[in-house]
Amino acid sequence: MRTDTPVSVKLENYTPYPFAIDNVSLDFSLEPEATRVRTRMQVRRLGPGEFVLDGVGLLLNSIKLNGDELSLEDYERDDETLRLRSVPDAFTFETEVVINPAANTALSGLYISGGRFCSQCEATGFRHITFWPDRPDVMSRFHVRMDADKARYPILLSNGTPGDSGDLPDGRHYAEWDDPHPKPSYLFALCAGDYDVWRDSFTTMNGDHVDLGVYVDKGQADRAQWAMESLKASMKWDEERFGRAYDLGVFNIVAVRDFNFGAMENKGLNIFNSAYVLANPESATDADFEAIESIVGHEYFHNWTGNRITCRDWFQLCLKEGLTVFRDQEFSSDLRSRPVQRIKDVMRLRGRQFAEDAGPLAHPVRPQSYGSIDNLYTATVYEKGAELIRALTVLIGDEAFNRGMQIYFDEFDGTASTIEDFYSCFEKASGRDLSQFRIWYAQAGTPEVTVDESWDEKKSTLTIKLTQKTPATPKQSEKKPVPIPLRAALLDGRGGHCTADGWENGETVIILDEAKKKVEVKLPEGAARPLLSINREFSAPVRIKRDLGTAQLLELASAETDPFNIWDNFQTLSKTEIFRLLDDPQSPPDAELVRAIADAVRHNESDPAFAALLTALPEIGELFQEREPVDPTGLNEARKRLRHALAETLMVDASRILSEPTPTPFAPNAEQAGIRALRTAMIGLTGALGTQDAARQLKSLFDQAANMTEKLACLRSLIPIESMERDEAIEAFYADWKDNPLVIDKWFAVQAGQGKAADAERLSQHPDFDLSNPNRVRSVAAAFAMTNLAEFHAPDGSGHKVIGDIIEEADKRNPALAARLLTSFEQWKKLEPVAKASAKATLERLRDGGLSKNAMDIVARALD
Ligand code: ARG
Ligand code: ZN
């Protein structure tokens with residue numbers, strides 16, 4: 001039963017649902033092991049076809065059509081559907097089913113977390129709750145009633161606004177909720193239990209009052225404050241930036257400990273992984289505060305991009321996700337530092353999405369087919385999807401983009417839409433044909449852009465030759481050129497720009513929309529040769545190839561006026577240097593480069609968040625992509641040597657920076673976070689020295705650390721240095737925080753992320769390791785397999801084995817979680833032969849042992 005061969009769903013097979021269900025009433029009688037669900041829907045025929053509903057694992061008690069109980073010959077049922085061959089043109093349809101939330105370990109549908117009921121319906125959880133056409137283009141008005149034991153479940157929540165409530169016999173009570181906005185089933189939510197609530201309110205730009213609540217575990221209300229501040233900031237930002245106001249009198253967020261993803265945008269009732277809600281100055285890092293702000297924003301922004309306008313089918317997932325990620329990135333840029341945000345977003349894109357795009361799991365932002373919908377929630381759909389919106393803004397300009405968004409909100413409000421619908425709005429707004437731009441959505445792989453310049457002294461002309469090429473990806477060997485908007489500038493080498501025809505302030509956007517393009521830039525007579533700055537702000541999600549040597553890149557870095565490109569030039573330089581060190585293990589790191597990085601760090605100390613990013617060398621995951629076969633151990637050694645040299649050069653600065661006091665009282669704002677980021681970077685460099693002396697220093701910083709950001713950084717840096725100090729810090733941290741699961745997740749993650757396979761193995765045997773909690777599983781398995789690549793891909797296969805074992809166990813209860821962890825194998829074909837054989841053997845062992853449909857989908861594609 002457990003090994004299903006995934007059957008693929010195809011975009012070209014889309015057909016509209018032949019019925020409309022204008023209204024639905026759901027009635028829940030909540031009991032953990034036997035919840036009774038009564039569903040009553042008003043159905044109206046739209047076209048010819050059978051009446052087919054999805055339903056999985058439901059115990060069917062009763063089924064009625066226009067009030068009459070149906071008998072077995074009136075319908076057909078299999079494991080996944082309920083089918084009525086003939087029905088009238090308008091009718092009432094009722095079912096009563098029983099489900100077992102307590103046994104729901106997959107965390108899709110209605111389940112129990114921490115003794116409370118909660119739900120997750122995207123993409124296909126609703127079919128585990130009741131019979132329903134569980135597809136995003138069937139939109140209904142939901143009325144919900146629920147009853148439950150009042151002492152155990154005093155708070156009963158669903159979408160929309162509350163209606164009647166009251167007491168019932170036998171210690172039970174009930175509540176009703178009404179959502180006036182038609183919505184697809186994936187946005188349904190229900191929560192019931194005992195919570196503490198942090199309450200506030202918001203008045204919209206239309207003067208409407210909104211009650212806000214963040215529901216958390218008992219005793220944790222004060223840890224909900226930051227999420228609440230972030231929610232209010234999001235509501236305000238969407239009004240100011242996009243003219244979008246909230247549309248109900250209530251907006252609630254519920255935090256749950258057991259959750260497969262980050263959070264979910266259910267209408268009026270967002271459900272969050274508690275990791276992205278709970279924070280206070282003692283227990284949360286700056287990264288936590290930042291993530292909460294951006295995820296609260298993301299889910300809130302879905303109210304317009306996702307809920308009011310939803311997707312016609314799951315192929316259009318990027319319509320809501322790419323767009324909403326773009327919106328949350330803009331929100332964070334406006335609240336914090338734009339260049340720093342851009343750099344972090346690109347680091348994430350390159351680390352995860354470029355890797356995905358270059359491996360066996362590569363797929364277009366809007367694919368033509370999928371095996372398992374849960375596996376389509378990828379970096380490509382989210383991050384590349386967001387980059388395409390950003391590239392669109394560069395291509396047509398902010399003004400046309402903003403107008404297009406307003407057309408989209410006006411024309412498609414209340415509908416389930418497609419990428420074509422969305423782009424039609426920007427065609428109207430810009431007056432341009434965007435059909436070539438849409439090729440981006442259909443083509444997998446990261447385009448490579450080659451930039452070649454030559455300078456004609458006599459004619460004062462700079463000739464820029466550009467070519468594009470997208471590498472072949474699985475099942476897609478032929479690629480077409482896409483329009484690539486490249487922001488460019490002519491640098492004068494003195495911190496300014498050169499003027500030239502058509503380059504206002506020395507800047508322009510070059511659109512590379514063919515395989516090759518030649519751009520001639522005429523400068524005033526007698527002008528000196530300008531330096532070319534290209535793909536500024538990372539205006540297009542491509543790899544730039546330029547044949548520049550170290551000296552030229554250093555010159556370019558010092559002439560740059562775009563902070564993103566300053567950082568990126570050092571990334572390119574470091575990457576080249578790490579590969580050189582890999583090929584020549586005897587040679588010392590390039591002192592000139594190390595000095596230049598150190599100088600840039602010092603030079604930017606007044607923008608500490610930016611300076612901190614300059615100390616960060618490219619991650620192994622990124623370096624990985626440019627070598628085949630790749631030796632992760634050697635790569636890691638080469639990277640460590642360069643980092644060691646940088647650490648030695650910056651040690652005096654590190655001591656100075658770390659001897660200054662950390663900002664107090666703690667505030668999670670960008671300014672303070674920037675100062676801590678630089679301090680943390682210095683802690684990291686201290687660790688890179690790897691000496692016993694460094695261990696002592698780090699332990700004393702660890703003991704004094706006044707905030708979690710710095711404490712955790714010390715612990716992380718200590719892990720690789722075998723010492724008494726390290727062991728003491730590991731123990732002390734655990735003793736201090738053993739009652740706070742989110743902090744203990746970090747304790748697991750730093751050890752798995754910095755340790756050996758044996759450490760990951762040991763952690764997976766720890767009494768606090770819990771296979772039923774996705775955060776805890778990820779804190780070991782994802783931290784090890786996705787960030788600690790040299791150890792994960794150790795040639796002796798020890799890393800593959802420990803992760804393979806965890807995945808095998810996790811898959812038995814939670815296929816979505818197991819499938820996600822399996823993606824850590826996606827680069828296996830690039831590995832050197834020994835590690836490659838071990839990865840392959842692990843994947844084959846998993847496949848042959850029997851896997852869930854979700855996990856099988858990944859393994860089959862990875863091995864293909
Ligand atoms: N829509 C949610 C978000 O991005 C994520 C839902 C994830 N669901 C899934 N099946 N992977 O905000
Ligand atoms: Zn989303």
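**Questions on a predicted model**

This is a predicted model. Of the 248 residues in its largest nonpolar core, C191, A227, V254, I271, V277 and L821 touch the most other members.

Me: Which residues does I271 touch, not counting those up to four places away in sequence?
Reply: I271 is among the core residues that touch the most other members. Contact here means C-beta atoms within 7 Å. With residues up to four places away left out, the list for I271 is C118, Q120, A189, C191, V254, V256, A263, M264 and N266.

Me: Which residues of strand 16 point the other way from L190 and A192?
Reply: In a regular strand the side chains alternate between the two faces of the sheet. Strand 16 covers residues 190–193, and L190 and A192 point one way. All four residues are buried. Those pointing the other way are C191 and G193.

Me: What is the bridge partner of S158 in strand 16?
Reply: Strand 13 (residues 155–158) runs antiparallel to strand 16. Four bridges join the two strands. In strand 16, the partner of S158 is L190.

Me: Which residue of strand 28 does L486 stand opposite?
Reply: Strand 27 spans residues 484–491. Six bridges join strand 27 to strand 28, and the two run antiparallel. Opposite L486 stands I510.

Me: Which residue takes a positive phi in the hairpin of strand 5 and strand 6?
Reply: Strand 5 (residues 59–65) and strand 6 (residues 68–69) run antiparallel, joined by two bridges. L65 stands opposite D68. Two residues lie between the strands, and the one with a positive phi near 50° is N66.

Me: What stands opposite K64 in strand 9?
Reply: Strand 5 also pairs with strand 9 (residues 90–99). That pairing is antiparallel and has six bridges. Opposite K64 is E94.

Me: How far apart do the C-alpha centres of domain 2 and domain 3 lie?
Reply: The domain assignment gives domain 2 as 448–540 and domain 3 as 738–864. Their C-alpha centres are separated by 43 Å.

Terms used. Residues are numbered from 1 along each chain as its sequence is written. Chains are lettered from A and ligands numbered from 1 in the order in which they are written. This is a predicted model: local features need pLDDT of at least 70, side-chain atom pairs count only at pLDDT 80 or more; totals for chains, interfaces and linings use all residues. Domain bounds come from an automatic or database domain assignment. A nonpolar core is a set of buried Ala, Val, Leu, Ile, Met, Phe, Trp, Tyr and Cys residues joined through C-beta atoms within 7 Å. A residue is buried if 20 or more other C-beta atoms lie within 10 Å of its own, exposed if 12 or fewer, and partly exposed in between; C-beta atoms are placed from the backbone. Two residues are in contact if their C-beta atoms, placed from the backbone, lie within 7 Å. Two strands pair if DSSP finds at least two bridges between them.
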